[in-house]
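Student: Could we go through this model together, one question at a time? I have the sequence and the coordinates open.

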Amino acid sequence: MDTQHTHHVLSYTQLALVLGILLVLTGVTVGVSYVHLGFFNVPVALGIACLKVTFVLLFFMHLKYEGRIIILSFIGTVSFLFIMIGFTFWDVAFR
C-alpha cells in the first residue's frame with residue numbers, strides 16, 4: 001500500500017492561466033450558441049464543456065498529479081458516462 005502522499009501546490013500564475021482558459025472557453029460557448037450549426041450545435045457545446053471539465057479536473061482537482069489507479073477509475077467513469085449519454089442520444093434520434 002502506498003502511503004507516500006505529496007502535495008502539489010500550483011502557482012498563482014498557473015491557476016490564473018487555467019482560469020483565463022476557462023473564461024475564454026465560456027466566451028466561445030456563448031459565441032457558438034449564436035451561430036446556427038444545425039445538428040452540430042449540441043455536439044459542439046458538449047465538446048467545449050468536456051474541454052472545460054478536463055481543465056477543472058486536471059488542475060483544480062489535482063487529477064494530473066494523482067496515481068494511476070485514480071486516473072484509471074476516472075477514465076472508466078467517464079467512459080461509462082459517454083456510453084449512457086450515447087444511448088440517450090440514440091434513443092432520442094430513432095424514436
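**The salt bridge and the overall fold**

Tutor: Gladly, and let's begin at R95, which is exposed, with a relative accessible area of 77%. Keep in mind that this is a predicted model.

Student: Which residue forms a salt bridge with R95?

Tutor: The rule asks for a side-chain nitrogen of Lys or Arg within 4 Å of a carboxyl oxygen of Asp or Glu. The closest N and O atoms of this pair are 2.8 Å apart. By this rule the count comes to one salt bridge, and the partner of R95 in it is D91.

Student: Is D91 buried, partly exposed or exposed?

Tutor: Buried means under 20% relative accessible area, and exposed means over 50%. D91 has 40% relative accessibility, so it counts as partly exposed.

Student: What radius of gyration does the chain have?

Tutor: Start with the extent of the C-alpha trace, about 50 × 35 × 10 Å along its principal axes. A compact globule of 95 residues would be near 12 Å in radius of gyration, but the value for the chain is 17 Å.

Student: Which pattern does the chain follow along the sequence?

Tutor: The secondary structure consists of three helices and zero strands. Read along the sequence, that gives the pattern α-α-α.

Terms used: Residues numbered from 1 in each chain as written. Predicted model: local features only at pLDDT ≥ 70, side-chain atom pairs only at ≥ 80, totals over all residues. Heavy atoms only, no water. Helix = DSSP H or I, 4+ residues; strand = E, 2+ residues; numbered from the N terminus. Rg over C-alpha atoms; globule rule 2.2 N^0.38 Å. Buried < 20%, exposed > 50% of the residue type's maximum accessible area, 1.4 Å probe, protein only.
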